[in-house]
Amino acid sequence: MSVVAARPRSRGLLLSKVGWSALAWLISIAFFFPVLWMALEGLKTEPQAASIPPTILFVPTLAQFSEVLSRDFPPYLINSAMATFGSTLLVLILGLPAAYALSIRPVKRSRDVLFFLISTRFLPFAASLVPLYILARNLHLLDNIFALVIIYTTINLPLGIWLLRSFMLELPHELVEAARVDGASMRHELIRIVLPLITPGIAATSLICLIFAWNEFFYAVNFTSSVAATSPIFLVGFISGRGLFYAKLAAAATLASLPVLLAGWFAQKQLIRGLTMGAVK
Amino acid sequence: MARMTIRPPTDAALASGGVRVRPGASAARWDSWLRRLPLLPALIYVILVTQIPFVLTLFYSLQDWNLLRPEPARFAGLQNYTAVMSDPSIRIAIWNTIVLTVCAVAISVVFGIGIALLLNREIFGKGLLRTLMIGPFLVMPTAAALMWKDTLLNPLTGLVNYVLKPIGLGNMDWINQFPMASIVGIEVWRWTPFMMLIVLAGLQSQNQEVLEAARVDGARPAQMFRYITLPFIRPFVELGALLGSLFIVQSFDVIFMTTQGGPGQATTNLPFLLYLVAFQGFDIGKASAIGVIAVILTMIVATFALRTLFTIFHVEARR
């Protein structure tokens, strides 16, 4: 191929790359825009946030963020953190041995157990909602973080077990086998050999638990009122929407979204694997 | 690299992974109990929190019991079921659930495939664009729903009307005039990134040599997509659609934050109807009957869905 002939072709390639890039940028920014707008609204003053037409150019202020944080929002964030970390810890404590018993030293009918577990994740919450509510009421666990920890553990445990299992299945067989020849007990095998090798799996599981527990709304709104209310419940207070507190709402919404947003961005590889219960790597 | 590798253990895996079976039935039984031991806490936990409550739901559904009334619960036979079934609101809620789920999943799958194909090309800033794209999925749904309602779709101050004003659509009250379409739109915005992520992972695991060979043989891009790429990403698309529908069927937060099921019952889906009966009416018997009906409907759909899931998780690394 001569040089003269090659040049137009590479120029055409570059042009098509520029064109496709422009389209991709346009669409991605359109999808991301509401997220960006949420943060921008939080940086405005209240009159700017509710102005007609919308304020596009403005001098950002952190006033709304500091006001939301200095007043009543922090207890909600702390409740969210407690429910999330408590349930994530429980998922790992219950899920790691279970995943081990479904992968490295599998029980009989492992497959049935796996499908039973995942079927409970997708059972409508209608199935158990009323009895759980009555039980929580009788045990005085309404408006108590403990009830949310129990429920979030139930939501995340099946996903956690599937996910941890998918990581355990990838461990080199010889490694576990060698420990077994040395006469390691099951507990020793799990804690000393398996656990250190599946830290990526533990990270992926924690990320998925974080996303679902932190953002959970249905149980939070029905099982808590004031003492144990989590951060999405704080946002419910803005529902009446009289047009006076858009900037404060946006600041609170941004703060409430930030932990999951950052965690998901930093762990994108874990995210896709976790969301598909380990099926897609 | 994306691969689908989860598979239920085969007999061979069971045999090779296990302790050598010692002679003697009691030793074997001891061994199988020892294996079950680590599984039991999780299994008992799940049964306690999901299965036993469901049995209680069945029991409550036969009771006439309202927490707002002083009388104690009493046996009511199938009265709750006849009351629920003769009330048109459950049919409306079932229909709304179907419309919302089917529309939101179908549209986000199509968008997801399109955007994944785009982000799989040679473009500038691929990683950054992927990062931007997953933003909507990660934002707290309650927060996003309120932002859509108050600052984007707001008839007076909303940005959408401001942008659409030049083409004469500047005075729309989107959420009140098109409640279901608005909810579907917000759900599509949220779930498209999810579908895109799964399909993109599939595309990135595609064998480039096969595509190159097809190109050399003179296949046109459309043909390559239709006969090579599409069959390859099909299991990924199915997985995304399945997981997406299982989540969207249960959607509650967006409806609660934007329309509260209204206007009228235009956006009341099953979870929201259950919320109204259980936590606004405190009618334990009726709420339980709705719960049982929801479970039966889910089981009908799930036998189909779980079979799909089953085949998906059987898919071996294709490369």
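Chain B has a mean pLDDT of 82, with 88% of its residues at 70 or more, where pLDDT is the predictor's confidence in each residue on a scale from 0 to 100. Within chain B, confidence is lowest in helix α1 (residues 11-17), at a mean of 44, and highest in helix α7 (residues 135-138), at 93; helices here are DSSP runs of H or I of at least four residues, numbered from the N terminus. Over residues 5-22 of chain B the pLDDT is below 50, and beyond near neighbours in sequence the model gives this stretch 24 contacts, a contact being a pair of residues whose C-beta atoms, placed from the backbone, lie within 7 Å. Residues 315-319 of chain B also stay under 50, with six contacts beyond four places in sequence. For the complex, the predictor gives an ipTM of 0.86 and a pTM of 0.85.

This is a predicted model, in which local features need pLDDT of at least 70 and side-chain atom pairs count only at pLDDT 80 or more, while totals for chains, interfaces and linings use all residues. Residues are numbered from 1 along each chain as its sequence is written, and chains are lettered from A and ligands numbered from 1 in the order in which they are written.

Between the two chains, 91 residues of chain B are in contact with 85 residues of chain A. On the chain B side, helix α16 (residues 284-314) provides the largest share, twelve residues. By class, that side has 68 nonpolar, 15 polar and eight charged residues, where Ala, Val, Leu, Ile, Met, Phe, Trp, Tyr, Cys and Pro count as nonpolar, Asp, Glu, Lys and Arg as charged, and the others, Gly among them, as polar.

Elsewhere in chain B, helix α13 (residues 221-248) has 28 residues, yet its end C-alpha atoms are only 34 Å apart, short of the 40 Å that a straight helix would reach at 1.5 Å a residue. In α13(B), a kink of about 45° lies at Leu230(B), shortly before the proline Pro231(B); the bend is the angle between axes fitted to the seven residues ending at a residue and the seven starting there.

In chain A, Leu164(A) lies in helix α7 (residues 145-168), and counts as buried because 27 C-beta neighbours lie inside 10 Å, the cut-off for buried being 20 or more other C-beta atoms within 10 Å, with 12 or fewer for exposed and partly exposed in between. Among the residues that Leu164(A) touches, leaving out those up to four places away in sequence, are Gly95(A), Leu96(A) and Ile198(A).

Notes: Helices (H or I, at least four residues) and strands (E, at least two) are DSSP runs, numbered from the N terminus. The expected span of a helix is 1.5 Å times one less than its number of residues.
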